[in-house]
Amino acid sequence: MSFERLYKDGHEEVIFFSDPSCNLKAIVAIHNTTLGPALGGTRMWPYASEEEAINDVLRLSKGMTYKAAVSGLNLGGGKAVIIGDPDKDKSEALFRSYGRFLESLNGRYITAEDVNIGVQDIEHVFTETGNVCGVAKIHGGSGNPSPYTAKGVFRGIEAACMKVYGDRSPKGKTVALQGAGSVGRYLAKFLDEAGAKVVVCDINERNIQLLKEAVPAVEVVGVNDIYDVDCDIYAPCALGATVNDDTIDRLKCKIVAGAANNQLAEDRHGEILRQKGILYAPDYLINAGGLMNVSIEFEGWSDSKSSRMVDTIYDTTLKIFAISDEQNIPVNKAADVLAESRIESIRNISGKYLGNLGHRFPGRKTRN
């Protein structure tokens with residue numbers, strides 16, 4: 001990592017936390033706080049190197065800035081990664097130590113669940129800091145955000161179907177679902193209930209079994225075979241960069257719409273999809289349902305309020321498709337235009353001091 005890279009991508013701050021007593025190795029990246037405090041989940045992953053972890057957290061945190069901006073939230077973008085094996089390295093001490101470090105950031109970064117982090121883990125973090133979302137409902141939180149993330153992706157798929165087929169329903173469509181984790185399972189249920197056929201893969205056999213219990217009609221294929229499925233919609237719901245030079249020519253679909261972050265390995269792949277006649281639903285918009293859900297915890301969470309907010313993803317996705325057509329640019333660039341214009345408009349009024357309004361996202365008190 002270099003300062004030049006941080007300048008280039010616009011990051012404000014990158015913080016490394018370590019605690020040898022519990023083997024905590026964490027990196028927090030705060031990308032932009034123009035619209036408000038940075039909010040983004042923490043993921044735990046056995047990265048092969050520190051460089052790989054840094055690359056991931058920098059890409060993800062920038063994506064969170066754009067996700068919050070394009071979704072109309074008064075939040076900035078940040079992300080955190082914990083280097084470790086979630087099956088071996090998790091402990092109460094690790095997450096409480098992590099929470100104490102987060103408390104030292106004074107609310108500039110608020111965390112939540114992400115890959116391999118569950119509500120129980122977040123509960124341990126919550127013991128040490130109020131700057132956390134996705135805590136259990138018994139403590140005033142919203143719990144697992146996965147159902148809302150999946151619902152937002154489903155709304156994005158509906159918008160893409162409306163654009164491509166003239167009907168928002170995915171009924172009768174075949175969806176190649178890459179990833180049967182928590183979000184993937186909920187998305188598969190939505191799709192199945194809507195009358196779509198779901199073909200799925202996952203590196204974890206346990207995830208496949210759980211999905212088959214929830215949606216018995218799913219068809220399972222190999223991890224590397226998912227790109228060759230003859231389908232209408234490719235829905236990447238695992239890790240990012242699965243639309244890349246090696247896979248893009250193998251896709252047999254009209255729509256790419258899923259929950260994974262950073263689905264395009266490089267920006268140029270958005271233009272390649274456009275040239276191939278494949279509509280791309282911008283990932284950081286349609287997977288924003290989880291962020292929307294946890295963002296309202298500080299003002300008082302309710303399922304109806306969260307659901308109404310997530311439903312707006314349908315109209316915003318159609319708006320971005322329209323920008324893409326009007327400006328003759330790839331959809332990923334159109335999403336950037338909408339996000340960047342909002343950030344810039346708020347940045348332009350930031351010099352107008354209105355007195356001490358207080359923090360709009362005060363951290364909840366911990367349970368200590």
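Helix 2 (residues 50–70) meets helix 13 (residues 331–348) through T65, Y66, A68, A69 and V70 on the one side and A335, D336, L338, A339, E340, R342 and I343 on the other. Contact here means heavy atoms within 4.5 Å. The model is predicted, so local features need pLDDT of at least 70 and side-chain atom pairs count only at pLDDT 80 or more, while totals for chains, interfaces and linings use all residues. Residues are numbered from 1 along each chain as its sequence is written, and side-chain values use heavy atoms, with hydrogens and water left out. Helices (H or I, at least four residues) and strands (E, at least two) are DSSP runs, numbered from the N terminus.

**Helix packing**

- Two packed helices are described by the angle between their axes and the distance between the axes.
- Helix 2 and helix 13 pack at about 80°, with axes 8 Å apart; axes are lines fitted to C-alpha atoms, for helices over the stretch in contact, and angles run from 0 to 180 degrees between N-to-C directions.
- The two helices are therefore roughly perpendicular to each other, on a scale where angles under 35 degrees count as roughly parallel, over 145 as roughly antiparallel, 65 to 115 as roughly perpendicular and the rest as oblique.
- The contact of helix 2 with helix 13 has eight nonpolar, one polar and three charged residues; Ala, Val, Leu, Ile, Met, Phe, Trp, Tyr, Cys and Pro count as nonpolar, Asp, Glu, Lys and Arg as charged, and the others, Gly among them, as polar.
- Helix 12 (residues 313–327) also packs on helix 13, at an angle of about 110° and with the axes 8 Å apart, and this pair is therefore roughly perpendicular too.
- From helix 12, T316, K319, I320, F321, I323, S324 and Q327 meet V331, A334, A335, V337 and L338 of helix 13.
- By class, the residues of the contact of helix 12 with helix 13 are eight nonpolar, three polar and one charged.

**Nonpolar cores**

- The largest nonpolar core has 62 residues, and those with the most contacts inside it are I157, L177, L187, L191, L211 and I320.
- Helix 5 (residues 146–165) gives the most to this core, with eight residues.
- A nonpolar core is a set of buried Ala, Val, Leu, Ile, Met, Phe, Trp, Tyr and Cys residues joined through side-chain atoms within 4.5 Å; buried means under 20% relative accessible area, exposed over 50% and partly exposed in between (1.4 Å probe, protein chains only).
- L187 touches A150, V153, F154, I157, L177 and C237, residues up to four places away in sequence not being counted.
- A second, separate core of 23 residues includes L24, L94, Y98 and V132.

- Six strands form an open sheet in the order 9-8-7-10-11-12, with parallel pairing; two strands pair if DSSP finds at least two bridges between them.
- Strand 9 (219–220) and strand 12 (279–280) stand at the edges with a single partner strand each, so one side of each is left without a neighbour in the sheet.
- Strand 7 (residues 174–178) and strand 10 (residues 233–236) run parallel and are joined by four bridges.
- Across that pairing, A176 stands opposite Y234, and Q178 stands opposite P236.
- Strand 10 pairs with strand 11 in the parallel sense over two bridges, and the bridge partner of Y234 in strand 11 is V256.
- Both faces of strand 10 are covered, with I233 and A235 buried on one side and Y234 and P236 buried on the other.
- Helix 7 (residues 205–214) lies across strand 7, strand 8 (197–201) and strand 9, and runs at about 165° to strand 8.

- D9 lies in helix 1 (residues 3–9) and is buried, with a relative accessible area of 18%.
- Beyond its neighbours within four places in sequence, D9 is in contact with H31 and K62.
- N244 sits in the loop between strand 10 and strand 11 (255–256) and counts as buried at 17% relative accessibility.
- Residues up to four places away in sequence aside, N244 touches A265 and H269.
- Eight of the ten residues of helix 4 (residues 119–128) are buried, so helix 4 is largely enclosed by the rest of the structure.
- The buried residues of helix 4 include D121, E123, H124 and E128, and what covers the buried residues includes helix 3 (92–103).
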